[in-house]
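Student: I would like to learn how to read a sheet and the surroundings of a single side chain from coordinates. Could we work through one case together?

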Amino acid sequence: MIAWDPLWPREVDVLVEEVLASPLDNILHDDEIGQQVAHRDRIPVVRVWRHLPVTGLVVSRRDVAGQAAQQAVARMASEGWPLFVRSTGGTAVPHGEGMLNLSLIFPRQAEGATTDRYYRILCQPLVEWLRALGLAAEMTDVPGAYCDGNYNVAIGGRKVVGTAQAWRGGLAGMSSRHPGYVLAHGCISISPDLDAAIAAIQRFYRYAERDDVRVERDKATTLAEASGEPWTSAEAKDSLVEFLLHRLPEVGVTPRFSP
């Protein structure tokens, strides 16, 4: 049995709720939870959630900064591809039906916490889950993939999970003036129309005059495509939650779960 990083809390709340008010509210719910975790109003959270069924893109604040980017946002919206701005970094990822998300929302702590460790903490359960489904998953970079970085999860060298992080405030707890949290987030492609989504990502960066972002379709895949099975995001959500509820106790983490 492979041990998990000791930065994992001893107890977590496995949360599956989705905010139906709007796509952006659903995305930013992670930050609302983060404030509660930072103030110790709730234990650390592992949130497994889906996007609302609105086709679009999720981008970082940097992506929408500047006049050219704002014009690109308006143009994409007119084409039926609205953009939703998240709090984490990185570049554009697909939004909508067929996408699944895993958010780890932990209190900020002093000892041994680094972005590298939190990315590995995020990726390990996803790699193990995909391998349990019979897929050759690994954590790696995939140059040319959408939202590429050193901490993608890939199947057969093609990206299936994009990752990002946000660190907010100082050390967690009521004694801190601005208590903080770490949000490590993975966006999992289950069964979106990846051809259309990547074409939209390419258009957005072209409209925004961002020649530094280059995205290739053959560098990415979906769970359905890689497995040859007709996965839906709802089925994948159930599968990932079941895996976590089984695996967490094995690595010394007690999960709380209220479906």
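Tutor: Let us begin with a list of contacts, keeping in mind that this is a predicted model. Leaving aside residues up to four places away in sequence, His95 touches Pro23, Ile27, His51, Leu52, Val54, Thr55, Gly56, Leu57, Val58 and Phe84.

Student: Is His95 buried or exposed?

Tutor: Buried means under 20% relative accessible area. His95 has a relative accessible area of 4%, and therefore counts as buried. The side chain of His95 also reaches the backbone oxygen of Val54, at 2.6 Å.

Student: In which strand does His95 lie?

Tutor: His95 lies in strand 5, which belongs to an open sheet of three strands, arranged in the order 4-3-5 with mixed pairing. Strand 4 (83-85) and strand 5 (93-95) each have a single partner strand and stand at the edges, so one side of each is left without a neighbour in the sheet. From one strand to the next, the twist averages 35°.

Student: How many bridges join strand 3 to strand 4?

Tutor: Strand 3, residues 56-59, runs parallel to strand 4 and is joined to it by three bridges. Within strand 4, Phe84 is the bridge partner of Val58, and both Val58 and Phe84 are among the residues that His95 touches.

Student: Which strands does helix 4 lie across?

Tutor: Helix 4, residues 194-207, lies across strand 3, strand 4 and strand 5, and runs at about 55° to strand 3.

Notes: Residues are numbered from 1 along each chain as its sequence is written. This is a predicted model: local features need pLDDT of at least 70, side-chain atom pairs count only at pLDDT 80 or more; totals for chains, interfaces and linings use all residues. Side-chain values use heavy atoms; hydrogens and water are left out. Two strands pair if DSSP finds at least two bridges between them. Helices (H or I, at least four residues) and strands (E, at least two) are DSSP runs, numbered from the N terminus. Axes are lines fitted to C-alpha atoms, for helices over the stretch in contact, and angles run from 0 to 180 degrees between N-to-C directions. Contact means heavy atoms within 4.5 Å. Buried means under 20% relative accessible area, exposed over 50%, partly exposed in between (1.4 Å probe, protein chains only). A polar contact is a pair of N or O atoms within 3.5 Å; within protein, one must be able to donate a hydrogen and the other to accept it, and residues adjacent in sequence count only if both atoms are side-chain atoms.
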